[in-house]
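Okay, thanks everyone, let's get going. Please have a look at the structure on the screen, and I'll talk you through a few parts of it.

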Amino acid sequence: MTRPAVLGGPVSFPEGLPFVQPSMPPLDEVVRRLRPGYDTGRVTDGPLVRQLEEAASERLDVPEVVAVSSCTVGLMLVLRALGPQGPVALPGFTFAATAHAVDWNGRALKFVECDERTFQADTADLRRKLAGAGALIVTHVFGAPCDPTSVEAAAAEAGLPALFDSAHAFGATHRGRPVGSFGTAEVFSLTPTKPLVAGEGGLVATRDAALARAVRVGRNYGNPGNYDSEVSGLNGRLSELHAAVALASLERFDEDLATRRRLAQRYRSGVAAVPGLSVQEVATSDESTWKDFTVRVDAGVYGLGAAELRTALTAEGVDTRRYFFPPVHLHTTYRDRYGCRLPVTESVAGSVLSLPIWPALEPARLDRVVEILAAVHEHAEEICQPGR
Ligand SMILES: *Cc1c(COP(=O)(O)O)cnc(C)c1O
């Protein structure tokens, strides 16, 4: 077994192994779609946005899809349209934007614990936090469905709208049904780290025609068409340029998704042989997008914690992310305002590490990452030696 670079061994990826390399469609394909509108100056609010909305609606099997400028703006507009009459429950283990969308709507946040093995919102704690709440947003963490059936049931019991932060989950399925058709609305992101790429952009998917209309009006300053604003909206439109990229990306999306799943499977079997590492659990009835491949490090068994493992991987040229650390309830803007503690979430957030995964990642490079994980474990004691 080669000596880890962190101990002076050879660097595995001297040229660097990036954390993510977005799968970009051929530029020709983008230009071909864009050219007609571009040449006439129709570069926003045009036919490509409509085409993207229709294609997504068909694929997600949901009647209404509204394209917006980002997932964050989509969540903000959906919440604005619903006007929850109380705090909004959401996981502490999520990206900052989930919380910010609530905060920008002037609603209080109620942070929910996560499950130790799936990293998804803990449904029992969610049920408790729904008492007195006005709505809930649950994230499909790392592209794995967050058991939307149970989330919908909890919301229905409490008589509240259920929103899903589906930023990671375009292409995921829950019990054979596409993620996108659950709850009151689901909101996707189209930024380069997410499975489907537009550059910037988001999609609001809903079965509620009135909500879809409200988001369409909201993304256009609240203007229903007569310049007499119904609500204080935003400029939340998606441009034709971004829609052209997303449409071209959709053409190869299934292939990319299948590749991601093969790579995730390869990682899983490799990581299973390394003591002290475990992989995010995904229900057998569900399919993740594997937007992220995330391992949990049991420092007592592995010999190092997630932060030290990250340092060791950086020394090899492997770029990683500590998603989501710190968890959002402990971000500076929320920590003192809410004083909320979530022991399981904090333990998970402190011990997970997301590894490189993207469609063009060669299996041989992935195998090398797994070898490094094993080698670092083998040398853990030496790596930890004080004064090394
Ligand atoms: C990326 C991300 C967002 C924000 O998406 P944008 O399109 O960049 O606004 C929201 N929630 C989660 C969980 C994300 O990972």
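This is a predicted model: local features need pLDDT of at least 70, side-chain atom pairs count only at pLDDT 80 or more; totals for chains, interfaces and linings use all residues.

Residues are numbered from 1 along each chain as its sequence is written, and side-chain values use heavy atoms, with hydrogens and water left out.

So, the chain. It has 15 helices and 13 strands; those are DSSP runs, H or I of at least four residues for helices and E of at least two for strands, numbered from the N terminus. The C-alpha trace spans about 70 × 55 × 35 Å along its principal axes. Take contacts, that is heavy atoms within 4.5 Å, between residues at least 6 apart in sequence: 72% of them join residues at least 24 apart.

Now the helix pair. Helix 2, residues 47–60, packs against helix 8, residues 240–251, at an angle of about 35 degrees, and their axes are 8 Å apart. Axes here are lines fitted to C-alpha atoms over the stretch in contact, and angles run from 0 to 180 degrees between N-to-C directions. Who makes the contact? On the helix 2 side it's P47, L48, V49, Q51, L52, A55 and R59, and helix 8 brings E240, A243, A244, A246, L247 and L250.

Next, two residues. Is T320 buried or exposed? It's buried, because its relative accessible area is 0%. T320 sits in the loop between helix 11 (306–315) and helix 12 (332–338). Leaving out residues up to four places away in sequence, T320 touches F19, R310, L313, L353, S354, L355 and P356.

Then there's P363, in helix 14, residues 363–378. P363 counts as partly exposed because its relative accessibility is 38%. Beyond neighbours within four places in sequence, P363 is in contact with L263 and R266.

That's my tour, thanks.

Terms used
Buried means under 20% relative accessible area, exposed over 50%, partly exposed in between (1.4 Å probe, protein chains only).
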